[in-house]
Amino acid sequence: MNPAASGGRRPRIGIGGMHIESSTFSPHRAAYDDFRVTRGAELLDRYAWTRPDGELAGRAEWVPLLHAVSLPGGPVERGTYDRIKGELIERLRLAGPLDGLVYDIHGAMSVVGLEDAEGDLTEAVREAIGPDALISAAMDPHGNVSRRFAGRLDLITAHRLAPHEDAWETRERAARKLVERLASGSGRPHLAWVQIPVLLPGERTSTRLEPAKSLYGRLAAVEAMDGVVDAAIWVGYAWADEPRCRAAVVVTGDDPVLAVEQTRSLAREYWEMRRDFTFVGPTGGADECIAEAVASSARPFLISDSGDNPTAGGAGDLAYMLGRLLANEDLAAGRATALHPGITDPAAVAECFAAGPGATVRLSVGGGISRGRRTTPRPAS
Ligand SMILES: [Zn+2]
């Protein structure tokens with residue numbers, strides 16, 4: 001029986017977390033300024049359900065702690081991690097007794113010198129909040145779920161759609177399940193956890209396509225079972241070389257036998273279909289894709305460079321595709337045109353601004369972060 005339910009008062013629930021997806025193959029290092037850090041009213045405003053007209057506004061006292069979110073990038077500098085973790089823990093201690101925590105994280109953060117960043121952070125969070133409070137994590141299915149990490153949580157859920165159109169629904173679900181749990185006084189649910197020795201990239205696990213569509217589509221039915229609180233599947237994060245990176249399933253519930261049974265069933269299904277996950281489109285090398293685009297009548301013809309994907313932690317500064325576009329004879333002769341949407345290069349942008357509108361400039365681009373990977377365009381003929 002938790003104190004909130006027995007005392008008849010509204011539970012006090014903290015909100016906080018640290019959210020980044022870090023490719024350990026990127027030379028980029030995420031620094032403090034890469035994070036948007038919110039506290040107080042600004043933090044609460046992120047979560048619609050806490051607003052005066054929000055669904056869960058009156059059902060808990062929402063205590064904003066600290067939330068730090070960054071776009072995907074490289075590993076987080078140790079000093080930056082220690083600073084954000086330190087403030088989160090300090091605010092947890094200063095918040096006074098909490099009945100619960102909505103823990104808003106990604107799950108694929110890498111920190112220089114750590115092998116399981118979320119495990120480390122969660123260990124400190126659990127120690128600060130105490131053994132009685134319930135922690136409800138809202139995650140990205142491209143995060144990782146180690147034993148060290150999961151063992152310190154009470155509820156975990158993750159987005160069920162990729163692309164993540166349900167990201168805010170996931171956070172709201174994590175908050176609602178926690179509020180319901182505290183209001184009913186039903187205490188800590190059982191948590192059945194398993195990691196699956198399969199690691200697939202996001203490009204092969206879109207829930208718009210089979211088999212991920214049906215597999216993820218099953219989660220709502222598992223969640224609705226009597227004795228189950230929530231069910232989630234993680235694809236894991238392919239762009240970090242860490243032992244914890246792999247797929248995982250967690251089912252939480254009051255019926256431990258059912259939770260284990262459902263976890264096993266989902267995990268086995270994932271394992272059995274591991275070779276059936278397909279890319280969202282045809283795949284090929286750069287020259288092959290460019291040739292196919294030029295020959296095709298489809299306009300626009302979109303080519304995605306998954307090797308330097310800034311939404312998965314890539315630096316977005318590789319000039320490789322630009323080099324291959326420039327090397328294509330049809331494009332060079334003007335028989336076809338191509339738009340390269342962007343290469344991160346602040347110095348090149350500054351040179352363009354210095355030259356002014358209408359000027360022609362000759363530049364080397366890219367490789368500012370991924371050193372030694374610049375491309376110099378051929379002179380205009
Ligand atoms: Zn994701």
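In the predicted model, Asp254 is placed in the loop that runs between strand E9 (247-253) and helix H9 (256-272). The relative accessibility of Asp254 is 42%, and this residue therefore counts as partly exposed, since the partly exposed class spans the values between the 20% limit for buried and the 50% limit for exposed residues. When neighbours within four places in sequence are set aside, the contacts of Asp254 are with Arg181, Pro189, His190, Gly227 and Val229. With Arg181, the side chain of Asp254 forms a polar contact of 2.4 Å. The C-alpha atom of Asp254 is also separated by 6.3 Å from that of Val228, a residue 26 positions away along the chain.

Helix H11, which comprises residues 320-327, has Met321, Leu322, Gly323 and Leu325 as its buried residues. The cover over these buried positions of H11 includes helix H10 (286-295) and helix H12 (329-332).

Considered as a whole, the protein contains 13 helices and 9 strands. Its C-alpha atoms fill a box of roughly 80 × 45 × 40 Å when the dimensions are taken along the principal axes. The radius of gyration is 23 Å, which agrees with the value near 21 Å that would apply to a compact globule, because the protein has 381 residues. Of the 381 residues, 51% count as buried. Among the contacts between residues at least 6 apart in sequence, 74% join residues that are at least 24 apart.

The protein exposes about 18,100 Å², and carbon and sulfur atoms supply 53% of this area. With regard to charge, there are 43 positive and 51 negative side chains, and the centres of the two sets lie 1 Å apart.

Methods: Residues numbered from 1 in each chain as written. Predicted model: local features only at pLDDT ≥ 70, side-chain atom pairs only at ≥ 80, totals over all residues. Heavy atoms only, no water. Helix = DSSP H or I, 4+ residues; strand = E, 2+ residues; numbered from the N terminus. Rg over C-alpha atoms; globule rule 2.2 N^0.38 Å. Buried < 20%, exposed > 50% of the residue type's maximum accessible area, 1.4 Å probe, protein only. Contact = heavy atoms within 4.5 Å. Areas by Shrake-Rupley, 256 points an atom, 1.4 Å probe, with all protein chains shown as cover. Lys, Arg positive; Asp, Glu negative; His and termini not counted. Charge placed at Lys NZ, Arg CZ, Asp CG, Glu CD. Polar contact = N/O pair within 3.5 Å; in protein donor to acceptor, adjacent residues only side chain to side chain.
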